[in-house]
Amino acid sequence: QFKNRAEYMDALSGQILQRLRLRTQRETRGYKELIAAYGYLESQLEQSRKKISWLEYEKEKPKKDTENGSEVEDTALKAKLEELKVIQYELNDAIKKKAEYADKVCSQADALKKMEEDLGLSQTRCNELETLNKALQEKLTTAEEIVTVLSRTSETQQVLEHKMKEAEDLNNETSVSKKLLQLTRLKELQESVGIGNKKVPPLKGGVGDMSGANEKLGATPSFVDDVVIYPATPFDSLEAHDVEVSALCFSPDGNYLATGGGDKMVKVWNVKQDLRTADLKCSLSGSGGGIMSVQFDQSSKTVLAASNDSMARIWTIGDLITRHTLAGHSGKVMTAKFMEDNNKVVTGSHDRTLKIWDLQRGTCIRTLFAGSSCNDVITGKYLGSTIISGHFDQRLRFWDERTYNASEIALEGKITSLDYLPERYLLLCCSRDNVLRLVDLRQNSVTTTFRADGFNVSLDWSRACFRFDCVNTHLENVLRVICVHVCHKWCVWVWP
């Protein structure tokens, strides 16, 4: 900023002078010796001219003295003439050297000019290469974006195909459900004319393939009956959801039953004291996808649900408010469980990760990379700081909550569900190879396998669980698979 034009012109002239000085220094740096020699020769030439002038004057003076008859001065004049000849020779040599130096200066100037031209050409080539590099970089970026878009398109196509397949499966299941409803009504009509409960022996193959038991377990426990008694008809039938029921869970106090369905709803039912009927208490909405799992907390006042929209949600039954929305997975959440203190939740997803959530802060505090889709997890006070997860790569993974290190047990089927019997340290695994396996956690090995003719685990979210009946003051352990989605025959399979 300048106050007036005069200041601006002064500053401009100062900059121009500075640049001229710098250019002079740059151009004369290589010719200092030549210039110094040239100056020296110029000074010598000037001195020689002065001497010649003085000698000519002295030459004229002896003539006058000769005319006067002075022979002594004539001799001195001759000496001076000889000296003048020597100086003339030196002068001629100096002129020759001056010409040589001038030729060298011209050749050096020509070489410098050529170097400057070469430098300009190199600079132009460098600019062209930089422009070409930028163009290639832009093309590379465009190509990477195209590859990204194509990969996303391929993934989207795979997701669409998967969704279409799921929709087709749901349509097939709906048609079977209608047939089942018709059969149920027919059976009710039959019972109305006198057909009651029956004592039915186990299913063919119901005791299962005990080949695994021969290795580790031995004979069937003595407290398990050889005959299982179950009702021929359901105690009650509830129109729970508009489409399939994919998850259910009793509350710890036994007063409520939570169900989750493909209609994106969670419903809580009041269970009557006779444990044979239930009526709707409330409906919990807000999920953006089908419900895959439900669970109550220890107080039976809060419901946790995992859904297909890559999220898990927590509702309070009293006010029907969504307390937490746990968003962070990139694939559908297959399972969600409260941890021991109910202040943390662990979720498993198709994105091959498990996430641990702090409900007090409402954030994810740890992401565990399992490397395979997680279909179910087990946690709780009986397991301490251990989290057990079942995966599509046929592996059980045991995570230590303190260090988050994992150990593995390899099974033979893709795992769909887990259940834990703490009294026996037994883990029940349901897998897509149509086999149930009992894993003894004390030995970290399979002790028993269960199979049956017609038993088919058809979906990734098929669930199997332990059932407990108190008989004669001791505990009878019975394995039951709840088959809303497990078997194509739509029945409940029971193994003692």
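Let's start inside: K337 and D376 are both buried. Their side chains meet in a salt bridge, with N and O 3.4 Å apart. K337 belongs to strand 9 (residues 333-338) and D376 to strand 13 (residues 374-378), so this pair ties together parts that are 39 residues apart in sequence. Keep in mind as you look around that this is a predicted model.

**Salt bridges**

- How many salt bridges does the structure hold? The count is 17.
- Here's the general idea: side chains of opposite charge can pair when their charged atoms come close.
- Take K98 and E42, whose side chains form a salt bridge with an N to O distance of 2.9 Å. K98 sits in helix 3 (residues 71-192) while E42 sits in helix 2 (residues 32-67), so the pair links parts that are 56 residues apart in sequence.
- K98 is partly exposed at 26% relative accessibility, and E42 is partly exposed too, with a relative accessible area of 30%.
- Now look at D440 and R442, which also form a salt bridge, the closest N and O atoms being 3.2 Å apart.

**Nonpolar cores**

- The largest nonpolar core has 15 residues, and V266, V268, L284, V294, F296 and V303 are the ones that touch the most other members.
- Which elements give two or more residues to this core? They are strand 1 (245-250), strand 2 (256-261), strand 3 (266-271), strand 4 (278-284), strand 5 (291-296) and strand 6 (302-307).
- Strand 5 gives the most to this core, with three residues.
- For a close-up, pick V303: setting aside its neighbours within four places in sequence, V303 is in contact with V266, V268, L284, Q295, F296, R313, I314, W315 and I317.
- Apart from this core lies another one, made of 14 residues, including L396, L411, I415 and L427.

**Strand 18 and its two partners**

- On one pairing, strand 17 (residues 415-421) runs antiparallel to strand 18, and six bridges join them.
- Strand 17 and strand 18 make a hairpin with four residues between them, and Y425 in the turn has a positive phi of about 55°.
- Strand 18 also pairs with strand 19 (residues 435-440), again in the antiparallel sense and over six bridges. L428 turns up here too, with L438 as its bridge partner in strand 19.
- Three residues lie between the strands in the hairpin of strand 18 and strand 19, where N434 takes a positive phi near 65°.

**A serine in a loop**

- Where is S251? Look in the loop between strand 1 and strand 2.
- S251 counts as buried, at 5% relative accessibility.
- The side chain of S251 makes a polar contact with the side chain of D253, at 2.6 Å. A polar atom of the S251 side chain also lies 3.3 Å from the backbone nitrogen of N255.
- Not counting residues up to four places away in sequence, S251 touches Y256, F296 and S300. You've already met F296, one of the residues that touch the most other members of the largest nonpolar core.

**A threonine in strand 12**

- T363 lies in strand 12 (residues 363-369).
- Its relative accessible area is 37%, so T363 is partly exposed.
- Leaving out residues up to four places away in sequence, T363 touches I356, W357 and D358.
- T363 and L326 are 37 residues apart along the chain, and 7.6 Å separates their C-alpha atoms.

Conventions
Residues are numbered from 1 along each chain as its sequence is written. This is a predicted model: local features need pLDDT of at least 70, side-chain atom pairs count only at pLDDT 80 or more; totals for chains, interfaces and linings use all residues. Side-chain values use heavy atoms; hydrogens and water are left out. A nonpolar core is a set of buried Ala, Val, Leu, Ile, Met, Phe, Trp, Tyr and Cys residues joined through side-chain atoms within 4.5 Å. Buried means under 20% relative accessible area, exposed over 50%, partly exposed in between (1.4 Å probe, protein chains only). Contact means heavy atoms within 4.5 Å. Two strands pair if DSSP finds at least two bridges between them. A polar contact is a pair of N or O atoms within 3.5 Å; within protein, one must be able to donate a hydrogen and the other to accept it, and residues adjacent in sequence count only if both atoms are side-chain atoms. A salt bridge is a side-chain nitrogen of Lys or Arg within 4 Å of a carboxyl oxygen of Asp or Glu.
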